[in-house]
Amino acid sequence: MLSKKSPPNKGQDRSTALSASGMASDTIAAIATAAGKGGIGIVRISGPGAQDIAHLLFRKRSGQQPATFQPQFLYHGFIQDPRTDRVLDEVLLVLMRGPHSYTREDVVEIQSHGGPQTLKAILSAVLHNGARLAEPGEFTRRAFLNGRIDLSQAEAVADIINARSEEALRLAVAQLQGGLTSKVQDIIDAITHLIAEIEAGLEFPDDDLEILETRSFQQALDEKIIPAVQQLIDSYQKGHFLRNGIRIVLAGRPNVGKSSLLNQLVGVERVIVTPIPGTTRDTVDAASMIGHLSAVFTDTAGIHQTDDPIEIIGIRRSEESIQDADLVFFLVDATQPFNPEDCLVFRKLQPKRVIIVVNKIDLVDSPLSFNVPHIFKEVPIVKVCATSGEGIQALKGFTLEMFSDNGFGATNDIPLSDARHKQCLDETLEHLIRAREAFEKRVPEDLISSDLQHAAEALKKVTGAQIATDVLDVIFEKFCIGK
Ligand SMILES: Nc1nc2c(ncn2[C@@H]2O[C@H](COP(=O)(O)OP(=O)(O)O)[C@@H](O)[C@H]2O)c(=O)[nH]1
Ligand SMILES: [Mg+2]
């Protein structure tokens, strides 16, 4: 029999080394700003000892310690290392008292000048006076464990920092604002509602609550819950490319113009171009934008039969990067008909998405007369001149069409973009379909209820309402230190 308890709220079911209050008992610190020189830099401290550390290190211009730090006020003064009495820098300091802070703990931020030596010295003083160095993502992990944000929002923080394009940033901010959370929560609520109905039917079998006789159960699954899950799963492809960009590999036999095309696509002379076949021996990556999508183009060594040991290594690398590609530009030379070497290359591209790029159209009288062998009939073709840039816009436009429409649009359209979330949704769908089948076979209600329970649990892993500590470790170790 299933319990009739409602699903755990945010912040429950999360295990870590906590004090009796549920908060972490130690104080962490890190440089929160990027490595290198900057106008200002920030050392961030979070935990029960944050205020004490501020008292130990901070002096007003008069040399005095403030009696107390009023929260959310900026204090102007100096950081003095108590070990040496040396003044480390002139700073601004702010205290944010928990729960009104990023981590919901007491947080102190010290804004100093942004030189790496200054920041290192201040951090060292902080660490000597009661804090320990934060692990990557530990501030955000605490924000999650203390219930300020859910897991999908915590993951959005990393996505914001790592965003490669404006569109990827918009997607991450929408996720931080809870766009995905509310969608997922609506589905969890709908499933929980069904479970409750079944439970009621089981507990009061004499009442007119025979759930399996009603159409509402079937309707809720078929018309509401399953389509909502399916829609999120379907959005993953688009969300994935918005978030991660696309990897496009330029492949073809030697001298067809791969390196020239790469230079044209990124707008700079990134790689060497010569009339000598075999100029490119290694793979070279170059990043650029195609509309609102970020893209990484990879130039490769020409694929053909050769005994040259260096070329053989290069060709192996070409093949490896093809494996990782989201799309391959398969270059052929407009001045020469397809030959067996082109076919050799094409075979290596399967089963990747391919666009045939017919290059050097400036050298033929009629680019339209170019003949495409039957085996390539299904593959889209774009004709370009890599040296002048003719056709490049068409090639980019075609690529954009293949990978997304016009970005993700309104916040409520937020697509799934994280592979972990996709996996949770796939799992949810599997359990829902099982519940649907069980319903049709008229199996006992408690078994259907159990399938639905599993579906809800899989969904709760998205927001982290039910998540194992080792999964959290994997998620947060991808963060930078100080976040
Ligand atoms: N006329 C003309 N020459 C081109 C074009 N693209 C490349 N080439 C020339 O073809 C030769 C080989 O180009 P490259 O980019 O090194 O080919 P790769 O071996 O496939 O990388 C160079 O001499 C280029 O200048 C084109 O569109 N038109
Ligand atoms: Mg080349």
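Domain bounds here come from an automatic or database domain assignment. On that basis the protein chain splits into domain 1 (28-134) and domain 2 (242-403), and the centres of the two, taken over C-alpha atoms, are 53 Å apart. This is a predicted model, in which local features need pLDDT of at least 70 and side-chain atom pairs count only at pLDDT 80 or more, while totals for chains, interfaces and linings use all residues. Residues are numbered from 1 along each chain as its sequence is written, chains are lettered from A and ligands numbered from 1 in the order in which they are written, and side-chain values use heavy atoms, with hydrogens and water left out.

Helices (H or I, at least four residues) and strands (E, at least two) are DSSP runs, numbered from the N terminus.

**The magnesium site**

- Ser259 (OG) and Thr280 (OG1) coordinate the magnesium ion (ligand 2) at 2.0 to 2.1 Å.
- Ser259 belongs to helix H9 (residues 258-266) and Thr280 to the loop between H9 and strand S9 (284-290), so the pair ties together parts that are 21 residues apart in sequence.
- Donors are N, O and S atoms within 2.8 Å of the metal (3.2 Å for Na, K and Ca), and because water is not among the atoms, sites may look incomplete.
- Ser259 counts as buried at 8% relative accessibility, and Thr280 is buried too, at 15%.
- For these labels, buried means under 20% relative accessible area, exposed over 50%, and partly exposed in between (1.4 Å probe, protein chains only).

**Around ligand 1**

- On the Asp362 side chain, an N or O atom is 2.9 Å from a nitrogen atom of ligand 1.
- Taken alone, ligand 1 exposes 580 Å², and the protein buries 86% of that; accessible areas come from the Shrake-Rupley method with a 1.4 Å probe, and for residues only the protein chains shown count as cover.

- Most residues other than glycine have a negative phi, and most peptide bonds are trans.
- Asn255 is not a glycine, yet has a positive phi of about 75°; Asn255 sits in the loop between S8 and H9 and is partly exposed at 32%.
- Lys360, also not a glycine, has a positive phi of about 70°; Lys360 lies in the loop between S12 and strand S13 (381-383) and is partly exposed at 21%.

- Strand S10 (residues 293-299) is mostly covered, with seven of its seven residues buried.
- Leu293, Ala295, Phe297 and Asp299 point one way from S10, and Ser294, Val296 and Thr298 the other way.
- Strand S8 (residues 246-251) runs parallel to S10 and is joined to it by five bridges, with Arg247 opposite Val296; two strands pair if DSSP finds at least two bridges between them.
- S9 pairs with S10 in the antiparallel sense over seven bridges, and Asp285 stands opposite Thr298.
- S9 and S10 form a hairpin with two residues between them, and Gly291 in the turn has a positive phi of about 60°.

- Strand S2 (residues 38-46) and strand S6 (residues 107-114) are antiparallel over eight bridges, and Arg44 has Glu109 in S6 as its bridge partner.

**Cis peptide bonds**

- Gly98 and Pro99 are joined by a cis peptide bond with omega about 5°, and Pro99 lies in the loop between strand S5 (86-96) and S6.
- Gln350 and Pro351 are also joined by a cis peptide bond, with omega about 0°; Pro351 is in the loop between helix H11 (340-349) and strand S12 (354-359).

Note on methods:
A polar contact is a pair of N or O atoms within 3.5 Å; within protein, one must be able to donate a hydrogen and the other to accept it, and residues adjacent in sequence count only if both atoms are side-chain atoms.
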